[in-house]
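This briefing covers a predicted model.

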Amino acid sequence: MMSVELIFGPMLLAPFVYFLSKGTEWVAKWIALALFVGLLGISLEMYHALPADGGFLFLGEFLRVPGIDYALTLQVDALSVIMLILTASLSILVVFSSWNEKHQAAYFSLLIFFAGPIFGVFMTTNLLWFFIFWEMVLIPMLFLIGYWGGEKRVYATIKYFLYAHFGSMFMLVGFFLIYKQTGHWDFMTVKEVMITTPALIWWLMFVGFAVEMPLFPFHTWLPDAHVEAPGSISVLLAGVLLKMGAYGLIRFVIEMMPTESRHFAIYIVIIGLTTTFFAGMLAIYEKHIKKIVAYSSISHMGLVAVAIATTTYDGLSAALYEMIGHAIVISPLFIIAGWLHHKTHTWYVDEMGGIMQKAPYVSAIFVLAGMAALGLPGTMGFVGELTIIVSAIKAFGPWIAIIAVGSLITAGYVIWAVRRALHAEISPIVAKSNFDMGGFEFMALVVFAFFIIFFGVYPQPIFDMANNAFAMFGGM
């Protein structure tokens, strides 16, 4: 089975694709599509090859440095593979939603490069290599936002880089302190030999991953990055990069330091609730359609944090489901928000109105995704929020049911945005705009809509995966 090739292959392939397709740019997107389909197939093969006991599948050890326990160790469990499947699936849909993007040779080459380090993040159990791949993910994202973004793209890119780098420095210091205490870099060994963990290490790691999720008060980079990024790149930001932070929090905080995580769980809950309510209230008062979606994204990651704080099988399974559901629900909202701006040349819902009459099918998908975001039964949003509330009440008591207020806040800004932008009288801007959408772009939206309903009605496949991912917390 391929292992290290999945990481370094895309990184080496990217420059060849760029120079190969400069004269015929359409070649780049077909190569990217083929690569991502292949990565999805290999990820699914990995899932079926996982040990039946829920343990890790060893894929190999490379680039060993004798004497300091430093090697690129690649091994995956159900949690890792689920993130690989999510990343590859979203990458395929990003290609379709970017089908007519400008400067395709460079754009799709960067997407190909991005696949390498993000797969490395989810495949390695070596702490230092994890940090290296984490930092390398920044490189293609900086160019994708900084070149293809909006008017303030340079400001948004620099802000994103500074926040991300700030968070990763906390994480790196935590990794070095762990190495100093244990003498090992590999997660599997550290977990066995590290009996007690100083509070400093726990907080360093938590802050590092909280910035990327992003949780309050480290969330301010995300609205700017989303607003300036193309709609398809917002899919990667919300669907993959935010999940990278949640994955790190589960893997290297909850799993590696379970005792300390239970001790500090109430702080995670408070931060998660604050994130959910604060971002939700900002969304209610916001008129910029993409910022509304961005704050919604932040609000839902607060729910994920509350579920992770339970440190229980039920809670972590709910968190994983919400991570996947959030990626699938929020992605079409970002794509449509960017598409509406491209068609109307305005971001503000007050200047829109009547879009349902000009683009009924796209509007219907926007409404479906919005209803899923507020937790409408029959959609992924309902299953995710319900399981989080139930698991949180079991772990922390009835008072945590206050988290349900987050759904009411979400209903407020979703219904407000839908009424103003889609169902109001046709505005002059909308009346003179052409709302044609390419077939590949619309197909991506249809796929998202299908998954929102399918996994909302039949969530068992995702929970079956979670059953393997968190068996050590009392499942199965």
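The expected span of a helix is 1.5 Å times one less than its number of residues. Helix α3 (residues 78-97) has 20 residues and should therefore span 28 Å, which agrees with the 28 Å between its end C-alpha atoms.

**Helix α3**
- Of the 20 residues of α3, 19 are buried, so the helix is largely enclosed by the rest of the structure.

**Strands β1 and β2**
- Strand β1 (residues 57-65) runs antiparallel to β2, and six bridges join the two.
- Within this pairing, Phe 62 stands opposite Leu 72 in β2.
- Strand β2 (residues 70-76) is mostly covered, with seven of its seven residues buried.
- In a regular strand, side chains alternate between the two faces of the sheet.
- In β2, Tyr 70, Leu 72, Leu 74 and Val 76 point one way, while Ala 71, Thr 73 and Gln 75 point the other way.
- Both of these sets of β2 residues are buried.

**Cavities: count**
- Rolling a probe the size of a water molecule over the atoms shows where empty space is left.
- The model has three cavities of 30 Å³ or more.

**Largest cavity**
- The largest cavity holds about 110 Å³ of space.
- Its lining consists of Ile 289, Ile 292, Val 293, Ser 296, Leu 333, Phe 366, Gly 370, Ala 373, Tyr 413, Val 414 and Ala 417.
- Helices α14 (289-309), α17 (360-373) and α19 (405-423) are the elements that each give two or more residues to this lining.
- The most comes from α14, which gives four residues to the lining of the largest cavity.
- By residue class, the lining of the largest cavity has nine nonpolar, two polar and no charged residues.

**Second largest cavity**
- The second largest cavity holds about 90 Å³ of space.
- Lining the second largest cavity are His 300, Glu 322, Gly 325, His 326, Val 329, Ile 330, Ala 372, Ala 373, Met 380, Gly 381 and Glu 385.
- Here the elements that give two or more residues are α15 (313-344), α17 and α18 (380-396).
- The most comes from α15, with five residues in the lining of the second largest cavity.
- The lining of the second largest cavity divides into five nonpolar, four polar and two charged residues.

**Elements and residues in both linings**

Notes: Residues numbered from 1 in each chain as written. Predicted model: local features only at pLDDT ≥ 70, side-chain atom pairs only at ≥ 80, totals over all residues. Heavy atoms only, no water. Buried < 20%, exposed > 50% of the residue type's maximum accessible area, 1.4 Å probe, protein only. Pairing = 2+ DSSP bridges. 1 Å grid on protein atoms, 1.4 Å probe; cavity = no way out; pocket = protein on both sides within 12 Å on 5 of 7 lines; lining within 4 Å. Points joined across faces, edges and corners; volume = space filled by probe spheres on them. Nonpolar A, V, L, I, M, F, W, Y, C, P; charged D, E, K, R; others polar.
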